[in-house]
Amino acid sequence: MGKYQQLAEEIVNQIGGSDNIGDLTHCVTRLRFHLKDDSIPNDEVMKKLDGVVTVLRSGGQYQVVIGNHVSEVYSEVSSLVKLNPDNTSSSTEKVVKKKKPLDAFVDVISNLFQPILGILLAAGMLKGFNTLFSTLNLYTTDSGAYMIINTMGDAMFMFLPVFLGYTSANKFKVQPFIGILIGLAMCYPAIQLDALAGSREPLYTLFSGSAFSSPVYLDVFGVPLISMNYTSTVLPIIIVVYFASKVQRTLDKIVPSAVKFFMVPMVTVLISLSLGFLLIGPVASYASELIAQGILVARDASPLFAGFLLGLSWQVLVVFGLHWGLIPLYINNITSMGYDTIMASVFATSFAQLAIVLAIIVKTKDKKLKTLGFPSAISALFGITEPVVYGIILPRKKLFIMSCIVSGVAGGFYGLYNLREFTFGGFGIFEFLTMFDPNEPGTSNIMIAIIGVVFAMIVSFALTLVMFKDDKTEADSATLSVDPPKSVSKIGRKHTMLSPMNGEIIPIKDVQDEAFSQELLGRGIGIRPSTGELFAPFAGKVVTLFPTKHAVGIISDEGMEVLIHIGFNTVRLKGKHFESFVQEGDIVHQGQKLVEFNIAEIEKEGYSLVTPMIVTNTENYLEIVETKENKVNAGDVLLTGLL
């Protein structure tokens, strides 16, 4: 079983199974589902899954925030729902729920750019390192090393329409290779404006004397072809492929089946590219230029305010998954003007978050918070802030607001001093590589970036030391997903858990799932049940009862939190052979029946019923002592937590 298979199974089950998935993608930290019925998932239950940071409903998507290992969870989920190569569910049923315009826009942008984001950043980093090494005089710009590395990085951007042709085809339901062919055709060297201008005299000029003045080098049956440079562009290929999707759907309805295999692609390419070169491409190129110039005009009106507004709002946009709406503007600016100031304005944000986490690690006495803080800090250093925000800062609202304000001030400074990024690249510390100006060697732009980062980190660190209060209430709000009973504060010298079932003791290190056997979730013990009944191990409150009835979370009146997981992979039974006698939120007494399960039928279907029982707040105890018996009956002492 894969490391994240159980988590993937729980997620798929909670969202209503494969049949409820319209499509699925993922970004750097979150799974993004389009659900046919988004009323099915229980957000609170999903948030309690071990391995899920939080869930969001934004941009028309059901977003499950996982963290840095999202790609591994995505692979497991994909194998369960049998995704096709175009990242859509194998179910042919479409998601017909109409999205709001903003949701639809974010959905399109995220689907087009998420699949290529990793390679886009990798190519940008190659270009960044190349500029850095040439600036440091490790080699010259006319050397073989520079040329080869520049080719590696530049190819992605030169042929960006090819990559977007593929992702656009997947999104708009066009045959993927049609999208690739359209992208290749638009990048064909002989059709580019620079190539035509260097080899031909213009036949005439359209719109002479205006901002849209265009020399015409070719015509098509008398229709003027307004030549453009389509390499490295974004908008033209997306619109042409979208138009091709309409053409393909129409042809699929009218072309005879005997010739559809080759006739539909041929006519789709012919019609869409003809209109693309003659009309869509030029109009989209002009629009791209106008967008870039419009951003410059707005920013030039008040670069300080524009930078402050971007820095202030960036983390809020990330929380709701709406930051993807700015990505095409970022790409368009670099391809149109050679630099961008949008992403530059928010550069200090992840460093402000990093400083907050470091200050909390220094100040807190909460071992669990420290443990959570270290990996979150590493993520923030590399620009991935979701684990920091959702896990640490957002529950402490004052710190989140402070971080936004500090990021806004740093963004205003960047706007005022015109910080720019000249290529795509990594996040966090790797983003420095994007700030080397290839046309003006020097470090002035980098120094502006460093000053903003130092300011954001020092101020955020100092304010966190003042604002952060490591009291009991705050620690509980960050670590507990439910309100504990009032009697939690009445702590004695030990807390006892009685056995909730009859059966044979299995040491936790011998259970089949490494999340349990390696005690990643806490200390505990296993039981192979001899009877199909589960009873409350103490008086307390049922805080979690999965709809599949195979797992129960319960907290005692004394404060011991226990997860009981009946069997392995039994989530796949979807509740079959299980019957629950309580509901989430119920107050129960020791020995009260919680669940019945049919041992014979479950084992007949091939599932193990070894039941791990984990003390999930192990860190609150000096030691967890397990029973020395080999067999237990319900009501026998099973675990003791020493305080």
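# Reading pairs and strands in a predicted model

Visitor: Is Arg-528 buried, partly exposed or exposed?

Guide: Arg-528 has a relative accessible area of 38%, which makes it partly exposed. The label needs its cut-offs: under 20% is buried, over 50% is exposed, and partly exposed lies in between. Keep in mind that this is a predicted model.

Visitor: Which residue forms a salt bridge with Arg-528?

Guide: Glu-504 does, and the closest N and O atoms of the two residues are 3.1 Å apart.

Visitor: How do strand 9 and strand 10 run, and how many bridges join them?

Guide: Strand 9 (residues 503-506) and strand 10 (residues 524-529) run antiparallel, joined by four bridges. To see the pairing residue by residue, find Ile-506, which stands opposite Gly-526 in strand 10. In a regular strand, side chains alternate between the two faces of the sheet.

Visitor: What is the order of strands in the open sheet?

Guide: The open sheet has eight strands in the order 16-12-13-14-18-10-9-20, and their pairing is antiparallel. Strand 16 (587-588) and strand 20 (631-632) are at the edges with a single partner strand each, so one side of each has no neighbour in the sheet.

Visitor: Which strands form a hairpin, and how many residues lie between them?

Guide: Strand 6 and strand 7 form a hairpin, with two residues between them. Phe-221, in the turn, has a positive phi of about 55°. Strand 6 and strand 7 (residues 223-226) pair over four bridges in the antiparallel sense, and Asp-219 has Pro-224 in strand 7 as its bridge partner. Strand 6 (residues 214-220) is also joined to strand 5 (residues 204-206), by three bridges and again antiparallel. In that pairing, Tyr-204 is opposite Val-216 of strand 6.

Visitor: Back to charged pairs. How many salt bridges does a search of the whole structure find?

Guide: The search finds nine salt bridges. One of them joins the side chains of Lys-509 and Asp-510, at 3.4 Å from N to O. Lys-509 is exposed, at 60% relative accessibility, whereas Asp-510 is partly exposed at 45%.

Visitor: Which side chain does Glu-605 meet in a salt bridge?

Guide: The side chain of Lys-576, with 3.1 Å from N to O. This pair links distant parts of the chain, 29 residues apart: Glu-605 is in the loop between helix 21 (599-604) and strand 18 (611-615), and Lys-576 is in the loop between strand 14 (561-565) and strand 15 (578-580). There is also a network, in which salt bridges with shared partners join Arg-523, Glu-623 and Glu-626.

Visitor: Now the rings. How many aromatic pairs does the structure hold?

Guide: It holds 12 aromatic pairs. One of them is Phe-133 with Tyr-139, an edge-to-face pair with 6.3 Å centre to centre and 80° between the planes. The cut-off used here is that planes over 60 degrees apart count as edge-to-face. Phe-172 and Tyr-242 are also an edge-to-face pair, at 5.2 Å centre to centre and 75° between the planes. Phe-172 is in helix 6 (residues 160-172) and Tyr-242 in helix 9 (residues 235-254), so the pair ties together parts 70 residues apart in sequence. Phe-172 is buried, with a relative accessible area of 12%, whereas Tyr-242 is partly exposed at 41% relative accessibility.

Visitor: Which residues do ring pairs link into a cluster?

Guide: The cluster consists of Phe-347, Phe-351, Phe-413, Tyr-414, Tyr-417 and Phe-432. A ring can also sit under a charge: the charged end of Lys-593 is over the ring of Phe-581, 5.3 Å from its centre.

Visitor: Which residues form a nonpolar patch on the surface?

Guide: Phe-129, Ile-378, Leu-381, Phe-382, Ile-429 and Phe-430 form it, and together they have about 450 Å² of accessible area. Ile-378 is in helix 15 (residues 367-381).

Visitor: What separates the C-alpha atoms of Gly-442 and Thr-135?

Guide: They are separated by 7.1 Å, although the residues are 307 apart along the chain. Gly-442 lies in the loop between helix 17 (397-416) and helix 18 (444-467), and it is partly exposed, with a relative accessible area of 34%.

How values were computed. Residues numbered from 1 in each chain as written. Heavy atoms only, no water. Phe/Tyr/Trp six-rings, centres within 6.5 Å; stacked < 30°, edge-to-face > 60°. Buried < 20%, exposed > 50% of the residue type's maximum accessible area, 1.4 Å probe, protein only. Lys NZ or Arg CZ within 6 Å of the ring centre and 35° of its normal. Patch = residues over 30% accessible without salt bridge, like charges linked within 9 Å, V, L, I, M, F, W, Y side chains within 5 Å. Areas by Shrake-Rupley, 256 points an atom, 1.4 Å probe, with all protein chains shown as cover. Salt bridge = Lys/Arg side-chain N within 4 Å of Asp/Glu carboxyl O. Pairing = 2+ DSSP bridges.
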